[in-house]
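Each label put on a structure rests on a cut-off.

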Amino acid sequence: MTSWSPPSWSPPSWSPARQDALLAVAAFVMGLVLLAGGALLDRGRPLPLLALPLALTCAAVVVRRRAPVVTLALGVTGMAADVVLGPSLGTILVFTDNLYAAALYGPRPLGRALLWITSTGAVLTGAAAWFATGDWRTLALFPVQAALIGVVPVSTANVIRQHRDQAVAERERAEQVARLAELDRQAAIAGERTRMARELHDLVSNHFSAIAIQSSALLARQDLDAAAVRKVMKSIRENSVQGMAEMRTMIGLLRHDGEGEEAEPIRRRLADAADLIDRTGVRARLTVRGTSRPLPPAVDLAAYRILQEALTNVLKHGGAGAEVVIEYAPDRVVLIVENPVDRDSPPTLPGAGAGLVGMRERTALVGGSFDAGPLEAMPYDTGQLSTAPLEAGPSRGTRWRMRAELPTGSPA
């Protein structure tokens, strides 16, 4: 057996226009009751005639939100007629709502003007009453009554309107802050995706490209002795181990939820350039100019990744040997990688064209400058650092140069 419960009741949902109409009808009925009860200054006028000003002020209530200026005009007309015929309490009370609605829903300057007019009118009413009666007590009585009729409803409407405007402004400000926060979140996500794409490219392109190239060369050469094969296999293994280690580190960082110990990233340094060259299997000559010193972590990692990507490009497009120069200047470190390329022969491995983009992005992140392009054919030993502009060389025998300059800050 189910228990019976009374149906839930909720008040009907009425439109503002319907609410105002019902309020006008209620005000008119209560005004008639007050007229019938004698709440007026009796001047011998018939009650139906006194009901006309009441009807005007109540008609103004009907359009109090849709046409506040019309409400004010009808209210003032009805109040003036009521004063002439015989002031009645019902009409005065409805007129206070006319003033309130005009100040609240009308134009903003109208509310300020009504406050000034009603305040001035209250003072002038008291002065006129004192001048007419000669009783000083009217200076206090009549201004207070006039203020209750005019100043109080207008002031109340202005205060409520100010609070509403402040609430709207706060809501708009909160929405703007939320939109800005969403834009910041999207920018952070886009930046993080770009960084992850750059790191993954460094892992896949550099380590695994070296593995693919070396293994392809091993399969293509049948005349290698056991020592050469062992050396190539050792390099392949080192690239595999290094790539898997960096991949595991990145996965650990991505899975880290902020609790417990954070995975320690593998620190890559430019000082490991010789090991990097050996591991990639590039025939390159390394020249270090200046005194090697510890670099800022961001610059150190960027320089290492740029050199790593440049050596990978040598494997893909060169192969005849490369010149690697690292120059430690007092306030910067300069990387130069030059190698011969053959434009007519296809690259050893296909590329996505993201290598130069990644190197340029890494250089820009630390505030450096980056240039890469073909040079005219020159002897292998370039000697001093070249500062000549990048120019296109012949289709065959062209040399390619990558130059990255990374600021390290003023020395201590």
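The questions below set computed values against their definitions.

This is a predicted model, in which local features need pLDDT of at least 70 and side-chain atom pairs count only at pLDDT 80 or more, while totals for chains, interfaces and linings use all residues. Residues are numbered from 1 along each chain as its sequence is written, and side-chain values use heavy atoms, with hydrogens and water left out.

Q: How many helices and strands does the chain have, and what makes a run count as one?
A: The chain has ten helices and five strands.

Q: Why is Asp20 called buried?
A: Buried means under 20% relative accessible area, exposed over 50%, and partly exposed in between (1.4 Å probe, protein chains only). Asp20 has 3%, so the buried label applies. Buried residues make up 33% of the 412 residues in the chain.

Q: What makes Asp20 and Arg65 a salt bridge?
A: The term requires a side-chain nitrogen of Lys or Arg within 4 Å of a carboxyl oxygen of Asp or Glu. The closest N and O atoms of Asp20 and Arg65 are 3.2 Å apart, so the pair qualifies. Asp20 lies in helix α1 (residues 16-36) and Arg65 in the loop between α2 (47-62) and α3 (68-85), so the bridge ties together parts 45 residues apart in sequence.

Q: How do you know that Asp97 and Arg64 form a salt bridge?
A: Their N to O distance is 3.0 Å, so the pair meets the limit. Asp97 sits in helix α4 (residues 89-105) and Arg64 in the loop between α2 and α3, so parts 33 residues apart in sequence are tied together. Arg64 is buried, at 5% relative accessible area.

Q: Which residues are linked in a network of salt bridges?
A: Asp20, Arg64, Arg65 and Asp97 are linked in this way. The whole structure holds twelve salt bridges.

Q: What makes a set of residues a nonpolar core, and which residues have the most contacts inside the largest?
A: A core is a set of buried Ala, Val, Leu, Ile, Met, Phe, Trp, Tyr and Cys residues joined through side-chain atoms within 4.5 Å. The largest has 29 residues, and those with the most contacts inside it are Leu270, Leu307, Ile326, Val333, Met402 and Leu406. α8 (273-280), α9 (297-317), β2 (322-329), β3 (332-341) and β5 (398-407) each supply at least two of its residues. The largest share, ten residues, comes from α9.

Q: How do you know that β3 pairs with β2 and with β5?
A: Two strands pair if DSSP finds at least two bridges between them. Seven bridges join β2 to β3, and β3 and β5 share ten, so both pairs pass. Each pairing is antiparallel. Val324 has Val337 in β3 as its bridge partner, and Glu338 has Arg401 in β5.

Q: Why is β3 called mostly covered?
A: Eight of its ten residues are buried, so the label holds.

Technical notes:
Helices (H or I, at least four residues) and strands (E, at least two) are DSSP runs, numbered from the N terminus.
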